[in-house]
Amino acid sequence: MGRRQARETALQALFQIDVGKIEPEFALKNTAEEFGAGSQELEFARQLVTGTLEHINEIDEIISRVSKEWQLSRMANVDRNIMRLALYEMMFRDDIPGSVSINEAVELAKAFGGADSGKFVNGILGKVLASQAEFKAAVSVPEQ
């Protein structure tokens, strides 16, 4: 499974950290053990979780700018963390194309979110991708 399993692991860890206030390393290890992520998947998941948490303020600002009608705190916890994960990839990783991050996020939303999660996540992330340079400048994300 590779990166898809790593993203699932990262999402579940981010959810635990966000909702349950669990320590990141504890959440990662427990999730990886429970779902059988291998060492490569765990390392990629760790990079995603660490990077997302390091840039959470910038990421949340982007989500807030795009989702004008939805406050971050009112979004479904799963959807919010899927978007955080995808936006970390889109804004701070130059080794992952934005379209791949969006596709993976939509698949996560379909698997873990509600009936409309895929559409909601796709809409928010699509708006960011369409104006990615503008969003990077607005929240002081360095160009890669």
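## A first look inside

What volume does the largest cavity have? The largest cavity has a volume of about 30 Å³. Here a cavity is a set of points, on a 1 Å grid over the protein atoms alone, where a 1.4 Å probe fits but cannot get out. Grid points are joined across faces, edges and corners, and a volume is the space filled by probe spheres set on the points. By this rule the count comes to 1 cavity of 30 Å³ or more.

This is a predicted model, where local features need pLDDT of at least 70 and side-chain atom pairs count only at pLDDT 80 or more, while totals for chains, interfaces and linings use all residues. Residues are numbered from 1 along each chain as its sequence is written, and side-chain values use heavy atoms, with hydrogens and water left out.

## Around the cavity

The residues lining the largest cavity are Arg7, Ile82, Leu85, Ala86, Glu89, Ser101, Glu104, Ala105 and Leu108; a lining residue has an atom within 4 Å of a point. Helices are DSSP runs (H or I, at least four residues), numbered from the N terminus.

By class, the cavity lining has 5 nonpolar, 1 polar and 3 charged residues. In this scheme Ala, Val, Leu, Ile, Met, Phe, Trp, Tyr, Cys and Pro count as nonpolar, Asp, Glu, Lys and Arg as charged, and the others, Gly among them, as polar.

## The largest pocket

A pocket is an open set of points with protein on both sides within 12 Å along at least five of seven lines. About 190 Å³ of space lies in the largest pocket. Its lining includes Arg65, Trp70, Phe120 and Phe135, and by class it has 5 nonpolar, 2 polar and 5 charged residues. Both α4 and α7 (117-130) supply at least two residues each, with the largest share, 5 residues, coming from α7.

Glu69 is another of the lining residues of this pocket, and it lies in the loop between α4 and α5. Glu69 and Leu11 are 58 residues apart in sequence and 24 Å apart in space, C-alpha to C-alpha.

A nonpolar core is a set of buried Ala, Val, Leu, Ile, Met, Phe, Trp, Tyr and Cys residues joined through side-chain atoms within 4.5 Å; buried means under 20% relative accessible area. The largest such core has 44 residues, and Ile82, Leu87, Met91, Leu125 and Val128 have the most contacts inside it. Elements giving two or more residues to this core are α1, α2, α3, α4, α5, α6 and α7, and the largest share, 10 residues, comes from α5.

Helix α3 (residues 39-54) has 16 residues and should span 22 Å at 1.5 Å a residue, which agrees with its end C-alpha atoms being 22 Å apart. The expected span is 1.5 Å times one less than the number of residues. Among the buried residues of α3 are Leu42, Phe44 and Leu48. The buried residues of α3 pack against α1 (3-20), α2 (24-35), α4 (56-66) and α5 (77-92).

Arg84 is in helix α5. At 8% relative accessibility, Arg84 counts as buried. Not counting residues up to four places away in sequence, Arg84 touches Asp18, Thr52, Ile56, Ile59, Asp60, Ile63 and Leu72, where contact means heavy atoms within 4.5 Å.

Lys21 lies in the loop between α1 and α2. Lys21 is exposed, with a relative accessible area of 63%, and has a positive phi of about 55° although it is not a glycine.

Note on methods: Buried means under 20% relative accessible area, exposed over 50%, partly exposed in between (1.4 Å probe, protein chains only).
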